[in-house]
Amino acid sequence: NSVWVSTDHDEIEKVAKQFGAQVHRRSPEVSQDSSTSLETIREFLNHHHEVDIVGNIQATSPCLHPSDLVKVADLIQKEGFDSVFSVVRRHQFRWSEVKKGENKMTEPQNLNPAKRYRRQDWPGELYENGSFYFAKRHLIEKGYLQGGKMAYYEMRAEHSVDIDIDIDWPIAEQRVLSFGYFGKEPLKEVKLLVCSIDGCLTNGRIYVTEDQKEMISYDYRDIVGIDLLKKRGIQVRLISERDRSKTLSAMQLGCVAKVNATNKLEVLEDWRKDIGLSWKEVAYLGNEESDVECLKNAGMSGVPADACAVAQKAAAYICKSNGGCGAIREFAEHIFLLLEKVNSARKQ
């Protein structure tokens with residue numbers, strides 16, 4: 001009936017409202033590092049007596065699909081369950097832990113080593129994946145998210161992503177591109193990448209010789225990335241606020257470029273219209289405040305790792321590489337993953 005974001009953070013509140021959610025401002029008491037989801041939900045219910053069922057979805061599970069939530073809501077509203085939670089099937093053999101200093105052997109927990117079977121021939125076990133917990137008010141008020149007439153909902157393995165520690169993040173990024181939910185509107189292929197020269201193609205540094213000639217450096221990996229994009233039928237165009245005519249001529253990239261660009265968004269808009277593309281078919285890689293509006297409008301946006309704070313905030317993807325150190329190649333790989341997602345959706 002309603003979608004709420006529970007937060008004590010002004011920026012999160014702003015973004016939530018932009019996307020149509022209502023916001024519940026958490027009190028300091030339930031905004032501690034040690035606060036639990038149950039505590040925040042109980043506080044929410046104290047302020048919203050009209051709510052009788054809560055579906056708590058976790059931000060750390062980014063591959064959740066709306067179709068799953070609809071089915072779970074039906075289990076409670078139409079089939080009479082008091083609580084439903086998400087699980088995933090795992091095919092992992094468990095052994096008892098032997099702590100250091102203990103004089104004993106480990107024991108199998110869910111297999112017989114004498115009759116060991118292939119894991120793919122075993123039905124596996126169900127594990128909570130933390131993606132969502134649905135429960136009726138009376139359970140939550142008693143201090144439970146699971147209880148009463150319970151049911152689990154088994155999610156597909158490819159949708160079951162849980163970010164617990166930092167090394168989970170790159171795995172989640174890859175999984176979201178392959179299996180994530182991108183809304184009802186069909187995905188568009190990226191057909192144009194526009195890249196800022198200064199700070200993306202180059203590292204932003206300018207070297208001056210004794211005879212006052214300027215020199216810059218670039219990474220060969222980025223040149224390879226540009227070539228790979230072209231081979232996939234994606235146009236690559238370059239843009240700069242400075243006069244980079246001599247630089248581009250020396251690099252011989254064969255890309256359309258606009259230098260001395262005082263309004264990058266205006267240039268990007270003209271290019272988009274000339275080629276006949278929607279914004280969703282345009283990707284943009286920038287790194288400065290002057291790139292922000294381009295980053296916001298592009299269907300796919302990215303910045304190098306060392307981009308300024310406002311540019312990072314506007315971008316959907318932050319490279320691990322710095323500008324002039326492989327960021328274009330990395331962003332190209334990111335685009336290729338999206339294209340795989342588009343092709344997979346078409347086949348389905």
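**Helix H3**

I began with what covers the buried residues of helix H3, and I found that the cover includes strand S3 (53-57), strand S4 (83-90), strand S5 (125-136) and strand S6 (150-154). I note that this is a predicted model, in which local features need pLDDT of at least 70 and side-chain atom pairs count only at pLDDT 80 or more, while totals for chains, interfaces and linings use all residues. I number residues from 1 along each chain as its sequence is written, and side-chain values use heavy atoms, with hydrogens and water left out.

I take helices (H or I, at least four residues) and strands (E, at least two) as DSSP runs, numbered from the N terminus. For burial I use relative accessible area: buried is under 20%, exposed is over 50%, and partly exposed is in between (1.4 Å probe, protein chains only). Contact, which also decides what covers a residue, means heavy atoms within 4.5 Å.

I listed Asp 68, Val 72, Ala 73, Leu 75 and Ile 76 as the buried residues in H3. They cover an arc of only 155 degrees around the axis, which puts them on the same side of H3; the arc is that of the directions from the helix axis to the C-beta atoms. On the other side of H3 I found Val 70 and Gln 77 exposed.

**Helix H9**

**Charged side chains**

I counted a salt bridge when a side-chain nitrogen of Lys or Arg is within 4 Å of a carboxyl oxygen of Asp or Glu, and by this rule the count comes to 21. One of them joins the side chains of Lys 264 and Glu 241 at 3.9 Å, N to O. Lys 264 lies in helix H9 and Glu 241 in the loop between S10 and helix H8 (245-251), so the pair ties together parts that are 23 residues apart in sequence. Lys 264 is buried at 4% relative accessibility, whereas Glu 241 is partly exposed at 44%.

I then looked at Asp 168, in helix H5 (residues 168-179), which is buried yet has no salt bridge, the nearest side chain of opposite charge being Arg 175 at 9.1 Å. For opposite charge, Lys and Arg count as positive and Asp and Glu as negative, with His and the chain ends not counted. Not counting residues up to four places away in sequence, Asp 168 touches Asp 162 and Ile 163.

**Asn 260**

Finally I looked up Asn 260, in the loop between S11 and H9, which has a positive phi of about 55 degrees although it is not a glycine.
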